[in-house]
Number of protein chains: 6
Amino acid sequence: MTTEPTTPELTTSAITAKDRKEPAFLFSEKQVAEKSELARRFLDNRTRLNENVDKAGNFLVKRFYNLDHNTYLEGALPAKYKELMGVIASVCLRCDDCIYYHAIQSYRLGVTRAEQEEAINVALIVGGSIVIPHMRRAYELLAELYV
Amino acid sequence: MTTEPTTPELTTSAITAKDRKEPAFLFSEKQVAEKSELARRFLDNRTRLNENVDKAGNFLVKRFYNLDHNTYLEGALPAKYKELMGVIASVCLRCDDCIYYHAIQSYRLGVTRAEQEEAINVALIVGGSIVIPHMRRAYELLAELYV
Amino acid sequence: MTTEPTTPELTTSAITAKDRKEPAFLFSEKQVAEKSELARRFLDNRTRLNENVDKAGNFLVKRFYNLDHNTYLEGALPAKYKELMGVIASVCLRCDDCIYYHAIQSYRLGVTRAEQEEAINVALIVGGSIVIPHMRRAYELLAELYV
Amino acid sequence: MTTEPTTPELTTSAITAKDRKEPAFLFSEKQVAEKSELARRFLDNRTRLNENVDKAGNFLVKRFYNLDHNTYLEGALPAKYKELMGVIASVCLRCDDCIYYHAIQSYRLGVTRAEQEEAINVALIVGGSIVIPHMRRAYELLAELYV
Amino acid sequence: MTTEPTTPELTTSAITAKDRKEPAFLFSEKQVAEKSELARRFLDNRTRLNENVDKAGNFLVKRFYNLDHNTYLEGALPAKYKELMGVIASVCLRCDDCIYYHAIQSYRLGVTRAEQEEAINVALIVGGSIVIPHMRRAYELLAELYV
Amino acid sequence: MTTEPTTPELTTSAITAKDRKEPAFLFSEKQVAEKSELARRFLDNRTRLNENVDKAGNFLVKRFYNLDHNTYLEGALPAKYKELMGVIASVCLRCDDCIYYHAIQSYRLGVTRAEQEEAINVALIVGGSIVIPHMRRAYELLAELYV
């Protein structure tokens with residue numbers, strides 16, 4: 001006899017390509033840009049710089065971008081939680097552009113402000129006070145997005 | 001007329017202490033330790049080292065531990081997603097002990113293997129190949145937990 | 001007979017809340033801002049962003065800020081050395097805002113320029129040439145503070 | 001009999017001071033600044049801030065700068081590959097100023113755009129999507145340098 | 001008239017898939033394992049853990065591994081320099097397993113000990129004394145590989 | 001009339017080589033090794049690995065070691081505080097070997113356990129919960145050193 005937990009329902013694992021699909025955004029990037037000036041400036045600059053990267057046509061970069069895109073699709077986890085996980089990773093690793101990108105994506109998927117704050121709290125406790133300046137700038141964006 | 005999105009339901013923000021409560025674990029640490037030898041060794045070592053920290057009685061450490069505990073309670077986000085966020089933060093910042101801790105907590109809260117893998121995928125794409133050795137060790141634990 | 005060192009005076013350890021008190025600043029933030037234009041811009045921006053964070057009223061953030069504040073009080077170590085340690089941590093982890101904050105706090109507590117430079121040197125040797133751009137910007141601030 | 005590889009030619013190791021010499025740059029910093037506005041602004045700002053550091057006359061900083069300079073001289077590895085290695089280290093550790101510095105040095109030593117892109121690709125795969133914003137800014141510089 | 005450098009030969013950029021091919025290794029992993037006990041233990045452990053990852057069959061992990069493999073092929077830069085760049089990235093980001101992997105790959109491609117040391121020197125100056133413990137362990141491996 | 005603080009005594013800056021001297025250790029490494037088994041194992045391993053590095057005779061490594069040594073001499077800041085700063089930098093950057101080294105050096109210079117704990121607290125608040133596993137191992141050493 002064993003006391004170990006039996007968890008048949010937890011063990012179905014394999015994530016296959018067919019389980020994945022594009023998430024349904026509630027808002028377009030254009031709508032976000034119209035609502036928040038900080039978001040607009042970020043998105044415009046990102047578009048401009050990405051066009052320059054695209055022009056170079058480096059095929060490994062293209063494949064990396066493609067893989068990156070696939071990572072955040074609907075799958076075993078809802079896309080909105082994966083975008084929030086992108087927020088946390090970005091706060092922990094302290095990249096303002098990355099925080100902006102994933103906070104905007106989260107917003108577009110219907111993540112509430114309270115959820116964004118809780119996600120940032122996880123990053124704050126894991127990453128420490130060194131992430132505070134990034135948290136402050138994230139809150140500045142949140143104040144414009146959630147009015 | 002404005003095209004900006006109206007999102008009243010998204011703007012209720014303040015997270016208060018009363019909204020938070022201890023999550024309901026499906027499995028105890030003891031059950032996890034009985035199922036996985038890797039988990040058992042990790043938990044035993046962690047307990048032993050924490051006892052030594054407790055003995056020192058440093059009050060700032062105690063307060064930090066308390067705040068850390070509060071961060072992962074049920075709140076605006078379900079505890080299970082916050083533990084998964086702990087996994088991502090730990091993989092991105094490359095701390096094996098932290099990965100083990102949050103992967104075990106996630107398991108105890110009913111997170112499936114497919115969900116754990118997807119969370120690790122976010123960390124892999126954000127953090128790059130430098131996280132692969134940690135991912136390998138995480139998969140070693142997952143293989144023991146999800147049988 | 002044993003050769004091991006007997007160090008009774010070193011082993012009195014426990015740091016208690018009562019041993020801690022607010023440090024006595026030689027200069028106010030206002031005085032620093034009047035002396036250095038770089039400091040003024042930093043402090044103004046920090047105040048503005050913190051007000052926005054305060055408005056959100058997230059209670060875990062408040063508790064983290066409170067714990068952060070307590071860490072740098074007078075205690076077993078003089079506050080001025082702990083602020084300098086904040087400088088080192090900030091240079092090693094490469095956060096300009098954090099460097100500015102702790103360099104200003106150190107200055108306010110009477111830390112000399114030579115002491116600030118020596119602290120930065122520890123961070124330079126530990127953290128390597130990747131910290132040089134941050135060191136340069138720190139020296140720009142020091143040049144305005146210590147005239 | 002042994003299957004182990006015999007590699008006499010690989011084992012001559014010691015790098016001595018005499019093997020090292022200044023690399024022959026194809027272009028001066030002035031020429032780079034005239035070609036690229038982004039490079040010019042970076043170089044001007046760097047010069048200004050370094051003059052301030054020099055004025056402080058901290059002898060450990062001076063020695064660190066000297067050692068830093070020596071690391072990239074012609075030696076067992078051609079200087080151009082070491083500057084490219086500086087690019088990779090800087091992208092992995094995510095320091096825009098450092099990326100600019102080493103990308104310019106690489107250009108001055110005749111590194112092609114394709115070589116710079118491949119080096120950045122190594123950093124992208126090792127460091128993950130968190131380095132993408134830095135990669136974008138690096139590509140912006142490359143577009144001005146390689147016309 | 002312009003003083004700007006004309007560099008037609010530097011501007012041919014696009015890296016295409018067809019320019020890339022598998023590098024020609026001088027030594028097999030088996031030969032390396034027979035020569036160095038440290039390498040053997042590392043390679044055995046890596047194989048064991050990778051088999052476990054493979055068994056999970058996560059398709060994003062597979063694609064990441066594939067992209068990772070492609071990054072180090074012969075291309076605009078010789079594979080041996082890209083493996084050395086992998087060494088530098090790994091020392092800067094302080095991952096012992098990654099250092100071992102790329103140092104072994106570099107050795108298999110004919111990189112000399114002096115070249116490995118110079119590459120590590122770049123990482124030491126960029127990354128600072130915090131990388132020294134990893135450098136020490138790297139030298140321990142080099143001592144076994146280059147006899 | 002000006003409100004700016006006049007701080008003549010703070011502005012004497014230049015740190016010169018002559019101001020620096022070897023610190024006076026209260027305990028030898030041998031005494032530390034006899035008192036703490038954890039310290040003994042660390043010191044023995046470090047010595048063994050350093051002998052291997054020394055044998056390679058890489059002159060840039062030698063110069064880096066020399067500069068590293070000079071950084072922690074008595075100077076504008078007492079050596080004991082600089083060793084404690086080494087502890088903080090090492091906890092923030094999460095390097096167990098480095099923590100052990102500087103905690104032992106601090107102990108040898110008469111730093112008390114309470115001072116070590118306060119220094120670690122600064123690193124804990126700056127670096128976040130990700131440093132806790134390293135803090136635990138540091139406390140394990142402190143428990144052996146301060147009996």
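**Cysteines and a helix**

Visitor: Why is C92(B) called buried?
Guide: The relative accessible area of C92(B) is 5%. Buried means under 20% relative accessible area, exposed over 50%, and partly exposed in between, with a 1.4 Å probe and protein chains only. So C92(B) counts as buried.

Visitor: What are we looking at, and how is it numbered?
Guide: This is a predicted model, where local features need pLDDT of at least 70, side-chain atom pairs count only at pLDDT 80 or more, and totals for chains, interfaces and linings use all residues. Residues are numbered from 1 along each chain as its sequence is written, chains are lettered from A and ligands numbered from 1 in the order in which they are written, and side-chain values use heavy atoms, leaving out hydrogens and water.

Visitor: What makes C95(B) and C98(B) a disulfide?
Guide: Their S to S distance is 2.3 Å. The link of C95(B) and C98(B) has 65° about the S-S bond and is right-handed. C95(B) has a relative accessible area of 4%, so C95(B) is buried. C98(B) is buried too, at 9%.

Visitor: Which cysteines are joined in chain F?
Guide: C95(F) and C98(F), with S to S at 2.3 Å. That link is right-handed, with 65° about the S-S bond. C95(F) has 5% relative accessibility, so C95(F) counts as buried. C98(F) has a relative accessible area of 9% and is buried.

Visitor: How many disulfides does the rule give over all chains?
Guide: Six. One of them joins C95(A) to C98(A), S to S 2.2 Å. Both C95(A) and C98(A) are buried.

Visitor: Why is α6(A) described as largely enclosed?
Guide: 15 of its 15 residues are buried, so α6(A) is largely enclosed by the rest of the structure. Helices are DSSP runs of H or I with at least four residues, numbered from the N terminus. Helix α6 of chain A covers residues 113-127 and reaches 21 Å from first C-alpha to last, close to the expected 21 Å. The expected span is 1.5 Å times one less than the number of residues.

Visitor: What follows α6(A)?
Guide: G128(A), with a positive phi near 85°.

Notes: Helix = DSSP H or I, 4+ residues; strand = E, 2+ residues; numbered from the N terminus. Disulfide = S-S within 2.5 Å.
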